[in-house]
Amino acid sequence: MTAQGHERVQRAAMYRPPAALRPYLSGAAYEQRGFPPSEHVGLPSCSITLVLPLEGPLVVSMDGRTRVAMSACVGGLHAGPVAIVHGGTQVGFHLAVTPDGSRALFGCPAAELAAGVVELDELWGSDGRELLERLRTADSWSGRAAVLDEMLLRRLASARRRAESDDLSQAWSRLSVGIPGTTVADVAEQVGWSRRHLGGRFVAEFGLSPKTVQRIARLQSAVVRLKRWPTERLADVAARCGYSDQAHLARDWRDLAGCTPSEWLRAEVLPFVQDAAGAAGADLADDYSIAHHDLAVPGQP
């Protein structure tokens, strides 16, 4: 129960898309109710974010000042924090789309979406409005998952896309997984390009430089450790995630997250959707067969 006497609800489940979509996205369905109003910090990541809210708009701010209410939000790759206003209740789907998925599902390179947020219907037109309407009128989570499957497969079939080159995909994979000790020069040499050519290809396709992608991947590695072991010494987190020292970690966090790791942990009062879904161990869909009809509460049988 909350201080106001309202029941606090946190339910989440993994969304498992059809096999044809799995190279391009992963995600979760979530329901959060009874939480105190707050402002969640959306950290930079190596995925494009698609949020499909089912009860009211999603309110976001890219600059920390101007708030925008969005019906369905596509957030591009970015190198700074995004403020997400939580009124205490949020219900919907949160999908993480790969850069290749940007071409496959949105019909454009990730660079065209970088450092911004757009309404889904700006990319999908009437399909975006249809998706949201059908998700909101479906009477079960299994029904919503089936609608999401159908619409994503429709977009996959219709998107005009040019696949990334194998060399570019390899370079992205190497730099976006946060392997300590990997350098941009090493990756450029592995794909047979100069650092300058690699940088130009990254900016053109992803909207970020190779070095920035590497910094974001390192931040993501630190986020995973801090969420799993929030009391771990920051010096140890820095060493394990590829930072030269704790001061290096602190500088990167201020640049990319706008705060220190300790400040971020203190400010986050909401559960992390993907973590809650994983803890629940529940799937909404497996290919076209719905395996789970209701969201499971993490920590409960």
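## Model confidence

The protein chain has an average pLDDT of 86, and 85% of the residues score at least 70. The model is predicted.

Residues 283-301 have a pLDDT below 50. Beyond near neighbours in sequence, this stretch makes 54 contacts in the model.

## Nonpolar cores

Nonpolar side chains tend to be buried together in soluble globular proteins. In this model the largest nonpolar core has 68 residues. Leu105, Phe106 and Trp253 have the most contacts inside this core. Helix H4 (residues 141-158) gives the most to the core, with eight residues. Another core, of eight residues, lies apart from the largest one; among its members are Leu58, Cys73, Val82 and Ile84.

What does Leu105 touch, not counting residues up to four places away in sequence? The list is Leu21, Tyr24, Leu25, Val97, Trp124, Leu152, Arg155 and Leu156.

## Ala115

Ala115 sits in the loop between helix H1 (99-106) and strand E10 (117-119). Is Ala115 buried or exposed? Its relative accessibility is 58%, so Ala115 counts as exposed, the cut-off for exposed being over 50%.

The backbone of Ala115 has a phi near 60°, which is a positive value in a residue other than glycine. Most residues other than glycine have a negative phi.

Notes: Residues are numbered from 1 along each chain as its sequence is written. This is a predicted model: local features need pLDDT of at least 70, side-chain atom pairs count only at pLDDT 80 or more; totals for chains, interfaces and linings use all residues. Side-chain values use heavy atoms; hydrogens and water are left out. Helices (H or I, at least four residues) and strands (E, at least two) are DSSP runs, numbered from the N terminus. Buried means under 20% relative accessible area, exposed over 50%, partly exposed in between (1.4 Å probe, protein chains only). A nonpolar core is a set of buried Ala, Val, Leu, Ile, Met, Phe, Trp, Tyr and Cys residues joined through side-chain atoms within 4.5 Å. Contact means heavy atoms within 4.5 Å. pLDDT is the predictor's confidence in each residue, from 0 to 100.
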